Amino acid sequence: MRAVVTLFSIVAVLLLATVSVYPFGQREDPIRTAEELIEERRYNDAVEILQNVAREDPDLFDEAERLLRRIRQIRARYNELWQQLINTLRNEPDNIEAANALIEEMEALDDAPTEDALREFEHWRDIVRLRYNLNRFDEITLRALELMDAGEYAEAVQEYARGLGLFRPEFERIGYPEELVEEATAAQLELARVASESRTGFEAVEEEVARFIDRVSDREAELPDLQGLLDAFGAIADSEFRTAGLGGYFLELDTEIRGIRELNDPDPYLTFHRWFAYGRSATAGEEGMFAAVRQFVEERLDSVIESLDTRIDEEIAEAEALLEEEAFDEASAAYGEISDLLALATDTLAIQERREDARAQLASGVDRADFPDRDVDRTAFRVATDAAAAIASMAEERRDLPPLADADAGLGALESVWMSANERFDNASDALNRYEELFDRRADGGDRAERYFARFDPYVEALHGEIAARQVDAAYAYLSAGNREFESEYEAIERELARAELIGIEGVRYDSADQIPDEPEEPDDPDDLTYRYPDIAMERLEGVDARLSQLVEDVDALIASFADPDEPVRDSERARNEQLELESLAARLADLTTRYNTAMEEMVQRVADAQALRDEVRSLLAEAEDILDDDPEGADNLFSEAEDLLVDALDLQQHVEFRDEIDAQLADAGERIREALFEATVAEVRDLINEGRRLYRQDSFTRAEEALLDAQERWERVNDTENAEIRYWLRLTQSALNLQTDRELADTDPLYRPLGSYINLANRAFEQAEAERARGNEQEAEQLLARAEDNIQSVTVARPFNREARVLSLKIIELLNPDEFDDIFEQRLNQALDAVDEAPVESLNELYDLQEVNPDWPGLEEAIIDVEIAAGVREPPRDDTAVDESNELEQQARAAFDPDDENAIERAISLLEEAIELHPDNDDARSFLDEVRLAQGSTAAPTLSSSELQQFRRAENHFLDGQIGRALVIVEQLWQEEENRRYPPLANLRSRMVAQ
């Protein structure tokens, strides 16, 4: 606030100040002189001249006032900048760049400021620099803390060192006693030197710690000495405490300087350097170079102890394992090494002792509570050292027991082991007593000691108890070892057998034998093609039979050796469990032997069957070649059979050489068979189409459909394109047949019995109603007719176009409305004719019903013929125009036809199909169409590759099993190949699945 008041005072002085009168005796024009001063930004001099002009020369008053207004405008900008500066420092204290820019612009507005203004400018610059330095300190501290959090302690020290020198110019400018300035300068240089030298200290500690940890981690190396580690930690500790001491020294200098400062406040330069050295007081030593070095030392010392802890844990784990494995000689040595390691861990704490000795040298004011107390760790390591030595003694006693007797030694050897174990048990008890004496001291070792003893306790008890249970352990160890060894061999054999079964029986995803890895895998997708290699599988099983027989013999021998054990072993649950496991293994071995024999038999049979099928495939193809000229149909059947047997052969055994050979043979033979079959098929299809036409025109719709479907099937065997003639006649035939089927209730219809009963009941009720009506019993007749209508409705709900029901319904209407029936008849006739375009089949059924009731109705016969044509159940009548167009198209086809040009052939076929559709009895066009098709040849692919045939077979099987989705996935994969789309069986299967 004092600074702000001062600023406003200076502004007021600058704006209101008056100066001495301008000397008019000079010859210069005062107005021009004032303008020049304004241009030079010497506003005070210009104001002085202009004020004199305004007082002394009224003629120049207006000019002088104009220039004074200009100066006041500039002064207003000056005041505006000053206010912006005050607002910036008050509201945006961190915006240092903006504050400096405002000060510079204010200075630029006045090249001749007053002394007060100059002092105020400098005062504000001090405030800005203070803010800048505070920001700089915050940045450095934040970055250093981030580095320490990341474990980059050396870089954190260097980051703090970057701040050394903050507020140095201000410190020197204040005018402190020269001796104090020199002492502060020396302290700053010393702090910078410590920061610089600490990098070497960090590196030395890192190097020695790494060397120490490497040696500790190397189980084969001798334990490391401590001297290098102690020296390195001693050097870095020197940096640690010199830094802390310098922090205290800056505090002492600052305390001394406070008496000199006007407000008795701390000096920023000394305060900041104390903070860089030791951190702010509120952080309790968690900041500053001292904290970085201290944390580094603590972490590295922890890492050294942790490495020893880890090595000790590893050694304990190994010793535990050795005890569990009854390797007591090695276990005793291991616990001896554990004791040495624990002693070394105790010695490493000398590093901390040296730091504790140096702690007394810290300068006053430094918090000494930051150093961890490691006395508990010392106790833990020392008591654990004695404990490990006691365990080593017990392990030595166990080590001196006679070695375990093997199976061939018999049970007598186990008895001698037991006697020796009793003797050793007494000696082990002495070691146990020494161990138990440590219980009072272990509590002083804290969690670390408890952790070690938690590991030691079970094995102390176990060692003591094992000696008493030596005979049982001998039996258990032997059985357990046998189980482990036999189980391992069993698993190895089982894995090899499983791999062989996968390769030879279940199938793998590799399409050639040289791709099969040691560990084969099943296909990723269950619908992917699998390949079986029983011959390769049998090769991989070579020698397994002998191993399996040997394993069975070894297991049986071990079981026999424990057939009648002594009581200690007999009463041992562990030993009995091992025996049960061994017996279980024997049973599983029997199953594995059976499985092996079954697998070998199946793979041998697969190889033999596959070879037989391959021979048969070759034989069938050769036979097909022989009869091709005389019997294309028979050759095609043999070819299809060969395809099926080929898939069977490849499913049994993948044979790459045979597959490559047969693919080429299939493609060649299939093409020739397909062409020969095509020539015969064209003639057969023509005969069947003619037969279908004839039968259709005789109203033998069922037989006509059979002939045409036969033609369609034969055509699709050798073509992947539709036959337009077959489609035309089949559509007419099936439309007529469907109409016939809908109107007549066949005895093969599932609803024949119930619907037939309804029809009979309706007819009977109608006949009774006629009789009652003839007798004049109208009410009884109406009831009977209503009953007949109910039965008719039961029929038409299931079969809407049933002739008998619909005709009887018309007769009921006629019986009920004899006088109006002709009008009703005509109305229904007209309604049927009106609905022809939208529902031709329904209209035709209505006309048929009306015809049965009144066949002589004028125009009804002609109307039925027209509607039959519209409904697609009758051929259109001969149209001379269509005949002429058909003949013209035939001639165009003859002109376009070129047997050597595929495009010309397709053009001719298209023209001829159009001609036949216009005039189905154009025999010349039909004959020429057959000729052109013979020139074109079969458009169907004769076969697929062997692998694709296998996939196709899988799709067919899925389809037959009702797994339409899985089948469709395979078919769509095959359909991606353009050539495969020409394979009729694939196209047919795809159409059937899509239709579902």
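The model is predicted, so local features need pLDDT of at least 70 and side-chain atom pairs pLDDT 80 or more, while totals for chains, interfaces and linings use all residues. Residues are numbered from 1 along each chain as its sequence is written, and side-chain values use heavy atoms, without hydrogens and water.

**Exercise 1.** Classify the pair formed by Phe137 and Phe272, and state which helices it joins.

*Solution.* Step 1: the centres are 5.0 Å apart and the planes stand at 75°. Step 2: planes under 30 degrees apart count as stacked, over 60 as edge-to-face and the rest as tilted; this pair is edge-to-face. Step 3: Phe137 lies in helix α6 (residues 115–149) and Phe272 in helix α11 (residues 268–278), so the pair ties together parts 135 residues apart in sequence. Helices are DSSP runs (H or I, at least four residues) numbered from the N terminus.

**Exercise 2.** Determine whether Phe137 and Phe272 are buried or exposed.

*Solution.* Step 1: buried means under 20% relative accessible area, exposed over 50%, partly exposed in between (1.4 Å probe, protein chains only). Step 2: Phe137 has 2% and is buried; Phe272, with 4%, is buried.

**Exercise 3.** Classify the pair of Phe137 with Trp275.

*Solution.* Step 1: the centres are 5.2 Å apart, with 45° between the planes. Step 2: the pair is therefore tilted.

Conventions: Rings of Phe, Tyr and Trp (its six-membered ring) pair if their centres lie within 6.5 Å; planes under 30 degrees apart count as stacked, over 60 as edge-to-face and the rest as tilted. Helices (H or I, at least four residues) and strands (E, at least two) are DSSP runs, numbered from the N terminus.
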